[in-house]
Amino acid sequence: MSEYGLIGKPLSHSFSKIIHEKLADYTYELMPLDEEDLDYFLRQKDFKGINVTIPYKKTVIPYLDFIDEHAKAIGAVNTIVNRDGKLYGYNTDYDGFDYMIQHHHVPIQNQKVLVLGNGGAAAAIKAVCRNHNAKQIFCVSRHPKDDAISYKEVYTDHCDTDIIINTSPVGMYPHIDEQAVDLNDFPKCKAVLDVVYNPICTKLCLQAREKGLLYAAGMEMLIVQAIRAKEHFLQDTTPQKVIDQILFDLLMEKTNLVFIGMPSCGKSTIGKKVAQLSQKKFIDLDDEIEKEAKKTIPEIFAESGEVVFRELETKVTKRISASQNLVIACGGGIIKNKINIDMLRLNGILIFLDRDLNQLVSNDPNRPLSSSQKAVEDMYHQRMPYYLQYSDIQIVNNTNLDKISQTSIQKVEDHIQDLICTGGKTI
């Protein structure tokens, strides 16, 4: 008997097991079910409590003996509790999204809201928006049915939207380079919320961040809906500090720590030490580029020039950025293409490792652009504004390497803690 777990399909991207096993002293299983197996599973009732995800949030309803008022109004269930052989259904997506908008002070009242997607999560979110007195709520789908409108109608009639909420899988791992709408088409938009939690910051949220809008991605909603499910399972309550601690732990575990800076500033050396201290995997992007090209970087420059090298750099950056729990050391010129920065930001905190000019190496045959001290100085002054603009954290590396490594982790912890405590914009 799997006492607690998650049913749905697919489940490979799910963080639910990690969260639930941090929350309570039970084993939580991921149980991918094909549609033909669902009936047998629910009739056997061989569980104490389960969560339900895509595509079964509506399918499970006929099997339930009791449905909570929120779940009934929404028409979708994501939590089922077996109490003495009777199945009780709840919708904790409602609780998770309600927490998100309150924690981030999102102004829903009297606002025009656009909900992207028309599945079970969209139903819960529309219910929250109604209860917060949204002026208008429009649900958008690529395949409109029921009360959903098309994306064509959005661009014809609804570009005056105030709040955009993505409940669709667009932008979810592994397709992290996608976004459902372009925020440039919505000049009145005040806030963007995305229920996707992998990547940590979706491309849609990244655009909102750059436009100075209020935004939040789905990690908090995921954690809170799991906590409310656990409360139904065990019939207990959870203090606020537990929510904050699990969010902190999960962000520290999943977030990539990305070192940018000049050649020879210590990114690889510090990165390896930080990876050991934080129990993350270390990746050197230059090494990955050489594996991709099956050539050394000096050979790529000599045979094909910098343009080809930068194309390879972007290709490799996109691939590596989709993964989590990494320490990534980037080449000095990574900032020359903003696409690289955008991809690294989806799962990462960018750390600028600065070093005094007189400590940067010139005439290194393995660094084709560092041909002389003059070349290094020119490069430093040219790139400095970009390092400062793109980094979340700045650290000067002129002292003990162990101290710098520990400082890096402390600054990351402080950065994440600040984001959690302010209730403002997420990573």
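These questions and answers test a few terms against a predicted model.

Q: Why is Asn 166 called buried?
A: Buried means under 20% relative accessible area. Asn 166 has a relative accessible area of 1%. That value is under the cut-off, so Asn 166 counts as buried.

Q: What touches Asn 166, not counting residues up to four places away in sequence?
A: Its contacts are Leu 116, Ala 180, Leu 193, Asp 194, Val 195, Val 196 and Leu 204. Contact here means heavy atoms within 4.5 Å.

Q: What makes the pair of Asn 166 and Ser 168 a polar contact?
A: The cut-off for a pair of N or O atoms is within 3.5 Å, and one must be able to donate a hydrogen and the other to accept it. The side chains of Asn 166 and Ser 168 make their contact at 2.7 Å.

Q: Where does Asn 166 lie?
A: Asn 166 is in strand β9, which spans residues 163-166. Strand β9 is also among the elements that cover the buried residues of α7. Others include β10 (191-194), β11 (214-216) and α13 (338-347).

Q: Which residues of helix α7 are buried?
A: In α7 (residues 203-210), they are Leu 204, Cys 205, Leu 206, Gln 207 and Ala 208. After α7 comes Gly 212, with a positive phi near 75°.

Q: Why are β5 and β6 said to pair?
A: Two strands pair if there are at least two bridges between them. Strand β5 (residues 79-83) and β6 share five bridges, in the antiparallel sense. Five meets the requirement, so they pair. Arg 83 stands opposite Lys 86 in β6. The hairpin has two residues between the strands, and Asp 84 takes a positive phi near 55° there.

Q: How do you know that β4 and β6 pair, and in what sense do they run?
A: Two bridges join β4 (residues 66-67) to β6 (residues 86-90). Ile 67 stands opposite Gly 89 in β6.

Q: What makes up the lining of the largest pocket?
A: Its residues divide into 21 nonpolar, 20 polar and nine charged. Altogether 50 residues line the pocket. Nearest its centre lie Thr 53, Ile 54, Lys 57, Ala 121 and Thr 167. The space in the pocket is about 1200 Å³.

Q: Which element supplies the largest share of that lining?
A: Helix α8 does, with three residues. The elements that each supply at least two are α1 (16-23), β3 (49-52), α5 (120-131) and α8 (219-234).

Definitions and conventions:
Residues are numbered from 1 along each chain as its sequence is written. This is a predicted model: local features need pLDDT of at least 70, side-chain atom pairs count only at pLDDT 80 or more; totals for chains, interfaces and linings use all residues. Side-chain values use heavy atoms; hydrogens and water are left out. On a 1 Å grid over the protein atoms alone, a cavity is a set of points where a 1.4 Å probe fits but cannot get out, and a pocket is an open set with protein on both sides within 12 Å along at least five of seven lines; lining residues have an atom within 4 Å of a point. Grid points are joined across faces, edges and corners, and a volume is the space filled by probe spheres set on the points. Helices (H or I, at least four residues) and strands (E, at least two) are DSSP runs, numbered from the N terminus. Ala, Val, Leu, Ile, Met, Phe, Trp, Tyr, Cys and Pro count as nonpolar, Asp, Glu, Lys and Arg as charged, and the others, Gly among them, as polar. Buried means under 20% relative accessible area, exposed over 50%, partly exposed in between (1.4 Å probe, protein chains only).
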